[in-house]
Amino acid sequence: MSVAQATTGYGEPYRTDGRTASHAALGLASKRIIVGYGFWIFLLSDIIMFSAFFATYAVLSGETAGGPSGKDVFHLNIVAIETACLLLSSFTCGVASIGSRAHKALMYYGSMAVTAVLGAAFLFLEIREFAGMVAVGAGPTRSAFLSAFFTLVGCHGLHVTLGLLWLLTMMAQVLAKGFRADILRRVLCFALFWHTLDIIWVGIFTVVYLMGVAQ
Amino acid sequence: MSGTEQHLHLHASDTAPGDERADGREVAEGLLGYLIGLGFATLITVVAFFISGTSLVWQPSIPIALFVLAIAQMGVHLVFFLHITTGPDNVNNVLALAFGVLIVLLLMVGSLWIMSHLNHNMVPMDRVMQMQR
């Protein structure tokens, strides 16, 4: 009984279909652990999908077909600001998940709002970069290198867009339903998703931008 | 401690990825972990951006240095932000991660290896054009 409560740890003993407490204690992890683990598996599969795009980019990065190479179209100062935005947003997202677990509303809403602003700033910079590249004739149709670039970085940008929508949804859900155990599980999954996007961005700014300019 | 009790103990101390501990913990303690992670990540990022543009080091070593720094920063993110640790409560998370890393390595190293060989053995494009004429 005490073990079952310690396992969940979030005031929601795992008893949905008449399982006894000793049953739960013997074999079943709490719902929060199961949900978190399942979402972790999904994130790893997402990372594997990104690794396919990374491999494509690495193979095609030299195939410029007489068009611009990375050195000509990348602006590292913009990339540095984008990196700072995502890194800081990952931190504020961590603060938000602490706030959600401690049921501190101000800490949760405040840091989620900062995370949203930083994520939106990242997206704004990225869209401006893409538009600028298309404007100078370095769009995805110009060469295999640029096709691979727009696929990889654009796919990450799409993930950030979906993450932003999810972020706003989580703020609204906590506002409407409070710090309930099921809502907190969704906040956990969102935080995992957001941190993973930052890990993928580390790969992108290293392989695409820094190595592209260093070549 | 009997076998059953040990079993209970193991399951009681599993943690979800992203959670630092199964039990409640102090806010300040959790905040400190994220701050340390932010500090390490910032440091590594600044070094990476600095190294990519410097002429202070031997040029061919730059891609390798950038690669090592990226792996290090991913490790920092995994430990301090996603709370994937080597503790006994994290075995499942680490095993899933290890499998993911295996697939990622197979996919990326395999693609690069195969494609470089194909490139090496391919007839140059101008010769293909001539043969089609």
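Which hand, left-handed or right-handed, does the crossing of α7(A) and α8(A) have? The crossing of α7(A) and α8(A) is left-handed. The model described here is predicted. Chain A has eight helices and zero strands, and chain B has five helices and zero strands. The two chains touch through 46 residues of chain A and 45 residues of chain B.

**The two chains**

- Along its sequence, chain A reads α-α-α-α-α-α-α-α.
- Chain A has 215 residues, and 43% of them are buried.
- Taking the contacts in chain A between residues at least 6 apart in sequence, 73% join residues at least 24 apart.
- Chain B reads α-α-α-α-α along its sequence.
- Chain B has 133 residues, of which 24% count as buried.
- Taking the contacts in chain B between residues at least 6 apart in sequence, 58% join residues at least 24 apart.

**Where chain B touches chain A**

- The contact between the chains takes 45 residues from chain B and 46 residues from chain A.
- On the side of chain B that touches chain A, at least two residues each come from α1 (3–12), α2 (27–53), α3 and α4 (91–121) of chain B.
- The largest share of that side, 12 residues, is supplied by α4(B).
- Sorted by class, the side of chain B that touches chain A holds 27 nonpolar, 15 polar and three charged residues.

**The largest nonpolar core**

- This core has 72 residues, and those touching the most other members are A:Phe149, A:Leu152, A:Phe190, A:Leu192, A:Ile204, A:Phe205 and A:Val208.
- Two or more residues of this core come from each of α3 (31–60), α5 (76–101), α6 (105–135), α7 (144–177) and α8 (181–214) of chain A, and also from α2 and α3 of chain B.
- The largest share of this core, 20 residues, belongs to α8(A).
- Apart from its neighbours within four places in sequence, A:Ile204 is in contact with A:Leu152, A:Val153 and A:His156.

**Helix packing within chain A**

- The axes of α7(A) and α8(A) are 10 Å apart, and the two helices pack at an angle of about 160 degrees.
- An angle over 145 degrees counts as roughly antiparallel, so α7(A) is roughly antiparallel to α8(A).
- The contact of α7(A) with α8(A) is made up of 18 nonpolar, four polar and two charged residues.

**Helix packing between the chains: α5(A) and α2(B)**

- The axes of α5(A) and α2(B) come within 9 Å and cross at roughly 170 degrees.
- α5(A) is therefore roughly antiparallel to α2(B).
- From α5(A), the residues making the contact include A:Leu76, A:Ala80, A:Leu87, A:Phe91 and A:Ile98.
- From α2(B), they include B:Val27, B:Leu31, B:Tyr34, B:Leu38 and B:Phe49.
- The contact of α5(A) with α2(B) has 12 nonpolar, five polar and no charged residues.

**Helix packing between the chains: α8(A) and α3(B)**

- The axes of α8(A) and α3(B) come within 10 Å and cross at roughly 170 degrees.
- α8(A) is therefore roughly antiparallel to α3(B).
- On the α8(A) side, the contact residues include A:His195, A:Asp198, A:Ile199, A:Val202 and A:Leu210.
- On the α3(B) side, they include B:Ile62, B:Leu66, B:Met74, B:His77 and B:Phe81.
- The contact of α8(A) with α3(B) divides into 11 nonpolar, five polar and one charged.

**Single residues**

- A:His103 lies in the loop between α5 and α6 of chain A.
- A:His103 has a positive phi of about 60 degrees, although it is not a glycine.
- A:His103 has 12 other C-beta atoms within 10 Å; because 12 or fewer counts as exposed, A:His103 is exposed.
- B:His83 lies in the loop between α3 and α4 of chain B.
- B:His83 has a positive phi of about 55 degrees, although it is not a glycine.
- B:His83 has 24 other C-beta atoms within 10 Å and is therefore buried.
- B:Ala65 sits in helix α3 (residues 62–81) of chain B.
- With 17 other C-beta atoms within 10 Å, B:Ala65 is partly exposed.
- B:Ala65 and B:Thr86 are 21 residues apart along the chain, and their C-alpha atoms are separated by 26 Å.

Methods: Residues numbered from 1 in each chain as written. Chains lettered and ligands numbered in written order. Predicted model: local features only at pLDDT ≥ 70, side-chain atom pairs only at ≥ 80, totals over all residues. Helix = DSSP H or I, 4+ residues; strand = E, 2+ residues; numbered from the N terminus. Buried ≥ 20, exposed ≤ 12 C-beta atoms within 10 Å, placed from the backbone. Contact = placed C-beta atoms within 7 Å. Nonpolar A, V, L, I, M, F, W, Y, C, P; charged D, E, K, R; others polar. Core = buried A, V, L, I, M, F, W, Y, C linked by C-beta atoms within 7 Å. Axes fitted to C-alpha atoms, helices over the stretch in contact; angles between N-to-C directions. Parallel < 35°, antiparallel > 145°, perpendicular 65-115°, else oblique. Left-handed = near helix turned anticlockwise from the far one by under 90°.
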